[in-house]
Amino acid sequence: MNTFFSHNSDQTEQIGEKLASKLKAGDVVALFGGLGMGKTAFVRGLAKGLSVCADVSSPTFALVHDYGGNPALYHFDMYRVSTWEDLSTTGFFDYLDANGILAIEWSENIEAALPKNSIYVEFSKGELDNDRIIKITGESIDENFFD
Amino acid sequence: MRIFSIECSATAASVAISDDKKLLSEAYTNTGLTHSQTLMPMAKSVLDCANIELESVDVFAIAAGPGSFTGIRIGIAALKGLAMAQNKPCIAVSTLEAMAYNMLGRDCVVCSVMDARCNQVYTATFKCGKNIKRITQDEAIMIDELPDILKNLDLPIVFVGDGAELCYNILNDKIDNISLAPINFRYQRASSVAACAFEKLKLQSAISAEEILPVYLRAPQAERELKKRTENN
């Protein structure tokens, strides 16, 4: 089981960075977990691990941020997306073909549209207020994934 | 009449400059959805190669959809910007009708199909010969519905578009008389947008850049739930 424990956002970022080292073009990283769980910090770690120089922030209003890089990192926030039509108009399906890496906050809202081989990253609360449990699962992920 | 055309409704993008029916210069890029990066350099190179100033373009033409949301938006935004700055008229043509012009001169029925994902396509049919005559309107349907549209046609049916291979493979043993357009005639091209726009302009007048609108056909996708989990778990 690929489960990580984080005590603060720096550690969450490092876990993102660790995942980034295993990513390849075309991967979809689906993030689950409510407000303030560290999803954006995690994506900041992904960007760092992919050597993308960008100010990472939640694209709540822009819906998608394109951070560039090779492969490019596309950061979605599906908080405001509730219908298939909404989802189409974000360009989500076009970006799936763009051969980059998609990191998707609020994947809860579009779970049925996620590609089959998506990487699921689920955040939940730990014992202390700032503790987080980060569970990483997916079809392509076995227990040796991070070795 | 000098026509400047843009086609970027799917993963490929192209730009062309033509004079009536004569194609003067065309650029084509098929490296993924990077139209926002490739469209303007292509526009510049096409004009440079034809030795034509943007100011001397008479009409700006665009394939306005159906197609990829991102692609169509980029194409229309670019076209509006160019045409508005020159205060020149525009014309929007159907992506599906424009690609039927790829087969101009061959006696057949062209079935234009664009992949709209999940076994859905954007499609329309045209009678092709010396000119192109529309048979059915642009629509978004399930691939299963295509045989109904293609029955009782007494000409060979040729598939064009990025959904051509998909439809051909699914329907080959269900419908007689279908074939795939040769690969060099299969996909959207700005030069075909130009050919289509030229014919349209014989029948209708051009419109202002402000009046150009994207055409997003809504896919029939079964309205299944987008969220899988309920609020409680």
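Student: Why is Trp106(A) called buried in this model?

Tutor: The model is a predicted one, and in it Trp106(A) has a relative accessible area of 16%. Buried means under 20%, so Trp106(A), at 16%, falls on the buried side of that cut-off. The residue sits in the loop that runs between strand 5 and strand 6 of chain A.

Student: What makes the phi of Trp106(A) worth a remark?

Tutor: The phi of Trp106(A) is near 55 degrees, which is a positive value, and the residue is something other than glycine.

Student: Which loop holds Leu63(A), and what is its phi?

Tutor: Leu63(A) belongs to the loop between helix 2 and strand 3 of chain A, and although it is not a glycine, its phi is positive, at about 70 degrees.

Student: Why is Leu63(A) called partly exposed?

Tutor: Its relative accessible area is 22%. Buried would need a value under 20% and exposed a value over 50%, so Leu63(A), at 22%, is placed in between and counts as partly exposed.

Student: How far apart are the C-alpha atoms of Pro115(A) and Asp27(A)?

Tutor: They are separated by 9.4 Å, while along the chain the two residues are 88 residues apart.

Student: How do you know that Lys39(A) has no salt bridge?

Tutor: The nearest side chain of opposite charge belongs to Glu105(A) and is 4.4 Å away.

Student: Which residues does Lys39(A) touch, not counting residues up to four places away in sequence?

Tutor: Lys39(A), which is found in helix 2 (residues 39-49) of chain A, touches Leu31(A), Gly33(A), Gly34(A), Glu105(A), Trp106(A) and Phe123(A). Glu105(A) is thus a contact of Lys39(A), since contact means heavy atoms within 4.5 Å.

Student: Which peptide bonds are cis, with omega near 0 degrees?

Tutor: In chain A, the bond from Asn70(A) to Pro71(A) is cis, with omega near 0 degrees, and Pro71(A) lies in the loop between strand 3 (64-66) and strand 4 (73-77). In chain B, the bond from Gly65(B) to Pro66(B) is cis, likewise with omega near 0 degrees, and Pro66(B) lies in the loop between strand 4 (59-63) and helix 2 (69-86) of that chain.

Student: How do you know that the radius of gyration of chain A agrees with a compact globule?

Tutor: For 147 residues, a compact globule would have a radius of gyration near 15 Å, and chain A has 14 Å, which agrees with that expectation. Its C-alpha trace spans about 40 × 30 × 30 Å along the principal axes, and buried residues make up 52% of the chain.

Student: What is the secondary structure of chain A?

Tutor: Chain A has 4 helices and 7 strands, which follow one another along the sequence as β-α-β-α-β-β-α-α-β-β-β.

Conventions. Residues numbered from 1 in each chain as written. Chains lettered and ligands numbered in written order. Predicted model: local features only at pLDDT ≥ 70, side-chain atom pairs only at ≥ 80, totals over all residues. Heavy atoms only, no water. Helix = DSSP H or I, 4+ residues; strand = E, 2+ residues; numbered from the N terminus. Rg over C-alpha atoms; globule rule 2.2 N^0.38 Å. Buried < 20%, exposed > 50% of the residue type's maximum accessible area, 1.4 Å probe, protein only. Lys, Arg positive; Asp, Glu negative; His and termini not counted. Salt bridge = Lys/Arg side-chain N within 4 Å of Asp/Glu carboxyl O.
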